[in-house]
Amino acid sequence: MNSKGDAMPLEETSVDWRGRPCKLNKHGGMTSAVFVLGLQAFEMMAIAAVGNNLITYVFNDMHFPLSKSANIVTNFIGTVFLLSLLGGFLSDSYLGSFWTMFIFGFVELSGFILLAAQAHVPQLRPPKCNMMLKGSQCEEAKGYKSLIFFVALYLVALGSGSLKPNIISHGADQFRKNDSKQSKTLSTYFNAAYFAFCMGELIALTVLVWVQTHSGMDVGFGVSAAAMAVGMISLISGTIVYRNTPPRGSIFTPVAQVFVAAFTKRKQICPSNTGMLHGSQNNVPNHVFAKSPNTINLLHTEKIRFLDKACIKIQDARESPWRLCTVAQVEQVKIIISVIPIFACTIIFNTILAQLQTFSVQQGSAMNTRITRSFHIPPASLQSIPYILLIFVVPLYETVFVPIARKFTGRDSGISPLQRVGIGLFIATFSMVSAAMVEKRRRHAALHLNETLSIFWIAPQFLIFGLSEMFTAVGLIEFFYKQSLEGMQSFLTAMTYCSYSFGFYLSSLLVSLVNKITSSSSNGGWLSDNDLNKDKLDLFYWLLAALSLINFFNYLFCSKWYSYNPSLSPTQPQVQSYRQENPENHSFDPSKQIEVDNIVP
C-alpha cells in the first residue's frame, strides 16, 4: 500500500533451479515451455498406449471377464486422474512442480518396466487360453500374478496422476502474467499443450498399439517405458531455463481456517459496509481490495456471504488465525467453491470418454478389421482417428478461428473458456447417438444377416468426441488455471483431471447398476455377457446420450450462475487506473463498474 491506499502489484516470485530470482531474458517463455511440452507428448504416448489397449491385455492375457475387465480399465484410468490431486497438493505445498514431476516421472517409469517384465515372463501370467471360445474355462489371474499386475498398474497410475497437473501448470508458469504479450501467449501455450497431447495419443494409438498387436504386449509395454524415459530426458534438459514457483506450505490450512472461523462466528451479522471486514484495504461499498501474502490483490465479492463472517473482528479481542481470517483468504475459498459446479458438469463428458476406451474397442473387435488382404487395423487404433483430425484442426483453431473471434469478442483467447467448454459438452452428446445407431446396425447385421460390418462404421463416434474434447478439455484447463491463485495453480489444474477420474468411476458404477437393474432370472443385463451380440450395448449408449444432454442444460445454468472474481481478470488494471485517477474517493461509481461479461478471462 502507498500513502494514498493504492494496491501495489505483487513482485515476481519465480526462481531458477538454484533458488535465485529469474532473469527476464534468460528464464521462461515458450523456449522453456517446449521442454515441458516434450514431456507432455512422450508421457502421453506411453500412458495412452497402455490405457487405450489395456482391456485387450486384461481380457485376453489375464483372463478377467469382459465386464470386470472394463471396470479394471476404467478404475485404473479413474485412479490416474484422481491422484492428480495428490500431485497438485505436493507441488503447491512442499515440492514445487519440477521436483514433483522429476520424482513421480521415475515412479511411472518403474511401473512400465514391471508391466513389460510380467508380459514377457510366462510364469508371471495365467496359461494361454482363448476367452472368446464358447465353453472355455480360462484360468483367471490370481495370487502373486494378480498382485504383480496391479502393483505395476498402480505404480503407473501414481506416477502419471501426479505428473499431469504439474506438466500443465509448470509449462504455464513459464509465462509472466503481468506481461501483456506473454499473457496473450499463454492461451497459445494451452493449445500447443493439447497439440502435444494429440501427437502423443496419435503415435500411441497407431505405432505403439500396432507393436503391441504384432510384436506382443511385452514389447509394447517396453516401448512405453522407452517413451517415458525420453520424456524425462526432455524435462531434465530444460532445468537451467525454467521459471519455478516455490512451494508455499500447506494449501489446505488457510482454507480450513476460513470454514472454522465462519462456523465459529455463524451467529454474527455481516456488516453492510464490507470495508469493515478484517484485511480489507479500503472502506469501499460492495467491492474491497484485499491482500494476502503470496497472492495477488483480490476484490471482495458478494457471493457466499456466510464465509464473510470469518472476517468479522471482535472488538478488543486478539483472535487466532482459526477465528479471524482476511478478506483475501475468504475470496480464495469462494473461488474454489464456485468452480466446483463447473467441474461437476464435465463428469458425464468423461464417462462418455470411458466408453470409447472400453466398450467401443470391444465393439471394433467384433467388426471386420481388414483394410487390405494382409493388413488388419487393431481395434484400439480407432481411437487415433480423432487425433489425426485434431493435429490439423488445433493449429487452424489457433491461427484462424481465434483471430477472427478476437475481433468480435476482444478476448485474447477468442471465446471465453466457459463458452469453449459448453460447445464441447453439447457436441459430445452426438458421439453417443452415433455409437448407439451403429451398434444397433452392427448387431442386426451379425445376428440376422450373418454379415460383419467394417470397423470404420464406428469411426464417427470417435471423430465427434475428438472435436468435442478439443473444446472441453482445453477450455476447462484454461479456465481452472486462470482462476487459480499464486500457490494453487497445480492443485486447481488437478481438479480438471479429477473430473476425468469421477467420469471413469461413474462409468464403472453405471455398468454395474445397469446390469443389476436390467437383469432378470432368465436373462442377464444389458452388458453382462462376454458376447456383444447378446448384449444391449446400444441401449447403454442411448442412456449416456440422454444423460449427456441433461448435463449440457445443467451446465448452462451453472455457467450462468458463475461469476469471475474481477481481480483475476485482465481488466483489473482498468480498476487500478480508476482508483489512481480518484485517489480521494475509492468507492466505485455504479456507472463505471465493470460488468461480468466484460471481464471473462
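In this protein, 80% of the contacts with a separation of 6 or more are between residues 24 or more positions apart. Keep that in mind as you look around the model, which is a predicted one. The protein is built with 18 helices and two strands. Of its 601 residues, 57% are buried.

**H1 and H6**

Let's start with a pair of helices. Two packed helices are described by the angle between their axes and the distance between the axes. Helix H1 covers residues 30–51 and helix H6 covers residues 143–172; their axes come within 10 Å and cross at roughly 150°. Angles over 145 degrees count as roughly antiparallel, so H1 is roughly antiparallel to H6. The crossing of these two helices is left-handed.

Which residues do the touching? On the H1 side you'll find Ala33, Val36, Leu39, Gln40, Glu43, Met44 and Ile47, and they meet Val156, Ser160, Leu163, Lys164, Ile167, Ile168, His170 and Gly171 of H6. Sorted by class, the contact between H1 and H6 has nine nonpolar residues, four polar ones and two charged ones.

Methionine 30 sits in helix H1, and with a relative accessible area of 29% it is partly exposed. Leaving aside neighbours within four places in sequence, methionine 30 is in contact with Phe175, Thr185 and Tyr189. Methionine 30 also shows how the chain comes back on itself in space: alanine 172 is 142 residues away in sequence, yet the two C-alpha atoms are 9.3 Å apart.

Over in H6 there is leucine 153. Is leucine 153 buried or exposed? Its relative accessibility is 0%, so leucine 153 counts as buried. Not counting residues up to four places away in sequence, leucine 153 touches Leu54, Ile72, Phe76 and Leu115. Its C-alpha atom is 9.9 Å from that of valine 80, a residue 73 positions away along the chain.

**H11 and H14**

Now for another pair. Helix H11 (residues 347–357) packs with H14 at an angle of about 35°, and the axes are 10 Å apart. H11 passes H14 in a left-handed crossing. Here Phe349, Ile352 and Leu356 of H11 meet Gly424, Leu425, Ala428, Ser431 and Met432 of H14. That contact has six nonpolar residues, two polar ones and no charged ones.

H14 itself runs over residues 417–448, and threonine 429 lies in it. Threonine 429 has 6% relative accessibility, so it counts as buried. What does threonine 429 touch, leaving aside its neighbours within four places in sequence? The residues in contact with threonine 429 are Ala545, Ser548 and Leu549.

**Out in the loops**

Loops are worth a stop too. Threonine 274 is in the loop between helix H9 (252–264) and strand S1 (289–290). Even in a loop, threonine 274 is buried, at a relative accessible area of 2%. Its C-alpha atom is 8.0 Å from that of histidine 300, which is 26 residues away along the chain.

Most residues other than glycine have a negative phi. Histidine 63 has a phi near 65°, a positive value, and it is not a glycine. You'll find histidine 63 in the loop between helix H2 (54–60) and helix H3 (66–82). Asparagine 450 is another non-glycine residue with a positive phi, at about 55°. Asparagine 450 belongs to the loop between H14 and helix H15 (459–483).

| Residue | Relative accessibility | State |
|---|---|---|
| Leucine 153 | 0% | buried |
| Threonine 274 | 2% | buried |
| Threonine 429 | 6% | buried |
| Methionine 30 | 29% | partly exposed |

The cut-offs behind the last column are under 20% for buried and over 50% for exposed, with partly exposed in between.

How values were computed. Residues numbered from 1 in each chain as written. Predicted model: local features only at pLDDT ≥ 70, side-chain atom pairs only at ≥ 80, totals over all residues. Heavy atoms only, no water. Helix = DSSP H or I, 4+ residues; strand = E, 2+ residues; numbered from the N terminus. Buried < 20%, exposed > 50% of the residue type's maximum accessible area, 1.4 Å probe, protein only. Contact = heavy atoms within 4.5 Å. Axes fitted to C-alpha atoms, helices over the stretch in contact; angles between N-to-C directions. Parallel < 35°, antiparallel > 145°, perpendicular 65-115°, else oblique. Left-handed = near helix turned anticlockwise from the far one by under 90°. Nonpolar A, V, L, I, M, F, W, Y, C, P; charged D, E, K, R; others polar.
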